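Me: I am new to this model and would like to learn how to read it. Could you take me through it feature by feature?

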Amino acid sequence: MQKTTYTVRDPYGLHARPAGLIVKEAQRFAAEITLTNERNGKSASAKGLFALMGLEITQGDSITLAADGADEQQAVEGLVKLVNSGFSE
């Protein structure tokens, strides 16, 4: 299992556009990918838009991204790259 944690900097938190980009990127991988909002303990698959929106991620929240499966390292690297890009495709 590969994990990483980051802090949400966007003043709008995780809203529909970046959540959609996360889902699009996550669906490229076979690994099970989970996001956890450390503030409220809610977790969801990174492959489901409505599940991600239900995490109630706001600015300043710490988010743990975990991937488990054959391509887990590539999945984490791809999602970290997306987040670090500021969600620009």
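Reply: Start with one residue. Glu25 lies in helix H1 (residues 16-26). Helices (H or I, at least four residues) and strands (E, at least two) are DSSP runs, numbered from the N terminus.

Me: What kind of model is this, and how are residues numbered?

Reply: This is a predicted model: local features need pLDDT of at least 70, side-chain atom pairs count only at pLDDT 80 or more, and totals for chains, interfaces and linings use all residues. Residues are numbered from 1 along each chain as its sequence is written, and side-chain values use heavy atoms, with hydrogens and water left out.

Me: Is Glu25 buried or exposed?

Reply: First the scale. Buried means under 20% relative accessible area, exposed over 50%, and partly exposed in between (1.4 Å probe, protein chains only). Glu25 has 16% relative accessibility, so Glu25 counts as buried.

Me: Which residues does Glu25 touch, leaving aside its neighbours within four places in sequence?

Reply: Contact means heavy atoms within 4.5 Å. With those neighbours left aside, Glu25 is in contact with Gly78, Leu79 and Leu82. A separation can also be given between C-alpha atoms. Those of Glu25 and Leu49 are separated by 12 Å, and the two residues are 24 apart along the chain.

Me: Which other residues of H1 are buried?

Reply: Here is the general idea. An α-helix has 3.6 residues a turn, so residues three or four places apart point the same way. In H1, the buried residues are Pro18, Ala19, Leu21, Ile22, Val23, Glu25 and Ala26. Their cover includes strand S2 (32-37), helix H2 (49-53) and H3.

Me: How do I read a residue in a strand?

Reply: Ask about place, burial and contacts in turn. Ile33 sits in strand S2. Its relative accessibility is 2%, so Ile33 counts as buried. Leaving aside neighbours within four places in sequence, the contacts of Ile33 include Ala26, Ala44, Lys47, Leu65, Ala75 and Leu79. Ala67 is another contact of Ile33. The C-alpha atoms of Ile33 and Ala67 are separated by 4.3 Å, although the residues are 34 apart along the chain.

Me: And what about residues in loops?

Reply: Take two cases. Asp71 is in the loop between S4 and H3. Asp71 counts as buried because its relative accessibility is 16%. Beyond its neighbours within four places in sequence, Asp71 is in contact with Phe29, Ala30 and Ala31.

Glu56 is partly exposed, with a relative accessible area of 43%.

Me: How do I read the whole chain?

Reply: Count the elements, then follow their order. The protein chain has three helices and four strands. Along the sequence the pattern is β-α-β-β-α-β-α. The radius of gyration (taken over C-alpha atoms) is 11 Å, close to the 12 Å of the globule rule (2.2 Å times the number of residues to the power 0.38) for 89 residues, so the chain is as compact as a globular protein of that length. The C-alpha trace spans about 35 × 30 × 20 Å along its principal axes. Buried residues make up 40% of the 89 residues. Of the contacts with a separation of 6 or more, 68% are between residues 24 or more positions apart.

Me: What lines the largest cavity?

Reply: On a 1 Å grid over the protein atoms alone, a cavity is a set of points where a 1.4 Å probe fits but cannot get out, and a pocket is an open set with protein on both sides within 12 Å along at least five of seven lines; lining residues have an atom within 4 Å of a point. The largest cavity is lined by Tyr6, Ile22, Leu35, Leu65, Leu79 and Val83.

Me: And which residues lie nearest the centre of the largest pocket?

Reply: They are Tyr6, Val8, Arg9, Val83 and Phe87, from a lining of 14 residues. Strand S1 (2-7) and helix H3 (72-84) each supply at least two residues of that lining.
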